Amino acid sequence: MSNLPKQFIDRLKLIIPDTHWYTVWNSFHIDKPLVLRINTLRTDKPSVEKELRKLSVDFEEVSWKNDALVIPLADRPVVLNSDIYQKGLLYSQNLSSQLAPVILDPQPGEEVLDMCAAPGGKTSQIACMMQDKGRIAAIEKVKTRFFKMKANFKTLQHHSIQTYFADAVSVWRKTPERFDRVLLDAPCSSESRFHTNKPDSYSHWKLRKIKEASRKQKKLIYSAVNCLKPGGTLVYSTCSFAPEENEAVINHILDTFPQQLTVETVNTPIKNVQAGLAQWNGKNFNPSVTNSLRILPNEFMDGFYICQIVKTAATIP
C-alpha cells in the first residue's frame, strides 16, 4: 500500500493512460540510475568514457542523446566524487530535463533567456548547444539557489551565461521582445519527484499548493511571452502531472494572446510520451494544447511536461 496522498493517486489515474499505469506507478517506488550530461565545451564523449573505465564504472549510452550517459545507482558515489565530475566535465541531469533544451533548439549567436534557471543544468546545456557563442541570461529570485547556480557555472566554465538575481515575473518590463528563445522551466508542485520511501518529497502536497503554483506560472508565462521576439520560440516545462500547472497554463496564455501564439507539435525520439489533455475537470482547452506532451516516467526518466510555443506577432503595442 502506498503512502502517497490518496487524492493525488485518484487524480493521476484520470491523467495517465491505463496502458502506462504500471510503469508510471512503479516509478514512484524505485531509485533511478544516475544520468550524466557531458560538458562538451570542455571535453568529449570518448575522453569521458575512458576516464569512467579507469574508475571501473559501468555506463550505458543513450541512443537519442549523444552527450548523455546512464550510470548504475551503485556507482553514483564514485562518479560524483571523481575528478572529472568535481572539475565540471560532467553534470548530473535527468534525461527528461535534458529534453527541454533539445526542443528549445538554441543556435550559436542567439540571445536566450532562462527564466527560472537554478541550479543551472538546462542553462549549461543551452550554452553547450550554442557552443558558448551568443548570450544567455539566467534569472533566479531565490538567493540560496542563485548563488548555488553561480557556483555551478564557475565550475562548468561557461562564458556566454550572465546571471541575474531577480524575479522573472517582471523581467519583461526591462527586456520587452528582446530574446530569440525563452526557456521557462516553471516552479511547480514537483509531483514527478515523489518517492514512497521519502515522505518529505510529498508531505507538502495539497490542491491548494497546485492552485498557488498555477497562479505563479501564469504570471511567469505572461512575462516569458513578452520577453520573446516575434518569430521566437518559448519552451514551457514543469515536473508536475497536474493539468492546472500544465495545460491550463498554456490555455490561459493562448486566451490572453489569441492571435499572437501557436503551439507547435513537440517532436521527440522517445516513446514514453502522452499528448496534452484536451480537457480537465469539465473544462475544454484550446485544441492546440494537445500538441504539448507529458513525458511518462519510467525506470530511467522522471515525469515531465513540455510545450513549445512560437510567437507569430508582437504582444506589446
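Helices, of type H or I and at least four residues long, and strands, of type E and at least two residues long, are DSSP runs numbered from the N terminus. The model shown in these views is predicted.

**View A. Thr 123 is a buried residue of helix 7.** Helix 7 spans residues 121-129, and Thr 123 is found in this helix. The relative accessibility of Thr 123 is 0%; because buried means under 20% relative accessible area, Thr 123 counts as buried. Its side chain is joined to that of Asp 114 by a polar contact of 2.6 Å. When neighbours within four places in sequence are left aside, Thr 123 is in contact with Asp 114, Ala 117, Ile 136, Ala 138, Phe 153 and Ile 161.

View B. Pro 119 is placed in the loop between strand 5 (111-114) and helix 7. As background, most peptide bonds are trans.

**View C. Four strands form an open sheet in the order 2-3-1-4.** The pairing in this sheet is antiparallel. Strand 2 (60-62) and strand 4 (90-92) stand at the edges and have a single partner strand each, so one side of each lacks a neighbour in the sheet. From one strand to the next, the twist averages 35 degrees. Strand 2 and strand 3 (residues 65-71) run antiparallel and are joined by three bridges; within this pairing, Lys 65 of strand 3 is the bridge partner of Val 62. Helix 3 (residues 45-54) lies across strand 1 (34-38), strand 2, strand 3 and strand 4, and runs at about 15 degrees to strand 3. Helix 7 also packs on the sheet, where it touches strand 1, strand 3 and strand 4. The direction of helix 7 makes about 35 degrees with that of strand 1.

**View D. Ser 56 and Gln 131 have positive phi values although neither is a glycine.** Phi of Ser 56 is about 60 degrees, and this residue is found in the loop between helix 3 and strand 2. With a relative accessibility of 60%, Ser 56 counts as exposed. Phi of Gln 131 is near 55 degrees, and the residue has its place in the loop between helix 7 and strand 6 (135-140). Gln 131 is partly exposed, at a relative accessible area of 46%. In general, most residues other than glycine have a negative phi.

**View E. Strand 9 pairs with strand 8 in the parallel sense and with strand 15 in the antiparallel sense.** Strand 9 covers residues 228-238 and is mostly covered, eight of its eleven residues being buried. Six bridges join strand 9 to strand 8 (residues 179-185), and here Val 182 stands opposite Leu 234 of strand 9. Together with helix 9 (residues 207-227), strand 8 and strand 9 make a right-handed β-α-β unit. The pairing of strand 9 with strand 15 (residues 304-311) likewise extends over six bridges, and Tyr 236 stands opposite Cys 307 of strand 15.

**View F. Helix 10 is largely enclosed by the rest of the structure.** Helix 10 comprises residues 247-256, and seven of its ten residues are buried. The buried residues are Glu 247, Ala 248, Val 249, Ile 250, Asn 251, Ile 253 and Leu 254. Their cover includes helix 9, strand 9, strand 10 (261-264), strand 13 (283-284), strand 14 (293-295) and strand 15.

**View G. Ser 27 of helix 2 lies 6.2 Å from Glu 299, C-alpha to C-alpha.** These two residues are 272 residues apart in sequence. Helix 2 spans residues 21-27, and Ser 27 counts as buried at 5% relative accessibility. A polar atom of the Ser 27 side chain lies 2.5 Å from the backbone oxygen of Val 24. Neighbours within four places in sequence aside, Ser 27 is in contact with Lys 32, Pro 297 and Asn 298.

**Context for the views. The chain contains ten helices and 15 strands.** For its 317 residues, a compact globule would have a radius of gyration near 20 Å, and the 19 Å of the chain agrees with this value. Along the principal axes, the C-alpha atoms fill a box of roughly 55 × 50 × 35 Å. Buried residues account for 56% of the chain. Of the contacts between residues at least 6 apart in sequence, 75% join residues at least 24 apart.

Technical notes:
Residues are numbered from 1 along each chain as its sequence is written. This is a predicted model: local features need pLDDT of at least 70, side-chain atom pairs count only at pLDDT 80 or more; totals for chains, interfaces and linings use all residues. Side-chain values use heavy atoms; hydrogens and water are left out. Buried means under 20% relative accessible area, exposed over 50%, partly exposed in between (1.4 Å probe, protein chains only). Two strands pair if DSSP finds at least two bridges between them. A crossover is right-handed if, with the strands pointing away from the viewer, the path from the first strand over the helix to the second runs clockwise. Axes are lines fitted to C-alpha atoms, for helices over the stretch in contact, and angles run from 0 to 180 degrees between N-to-C directions. Contact means heavy atoms within 4.5 Å. A polar contact is a pair of N or O atoms within 3.5 Å; within protein, one must be able to donate a hydrogen and the other to accept it, and residues adjacent in sequence count only if both atoms are side-chain atoms. The radius of gyration is taken over C-alpha atoms; the globule rule is 2.2 Å times the number of residues to the power 0.38.
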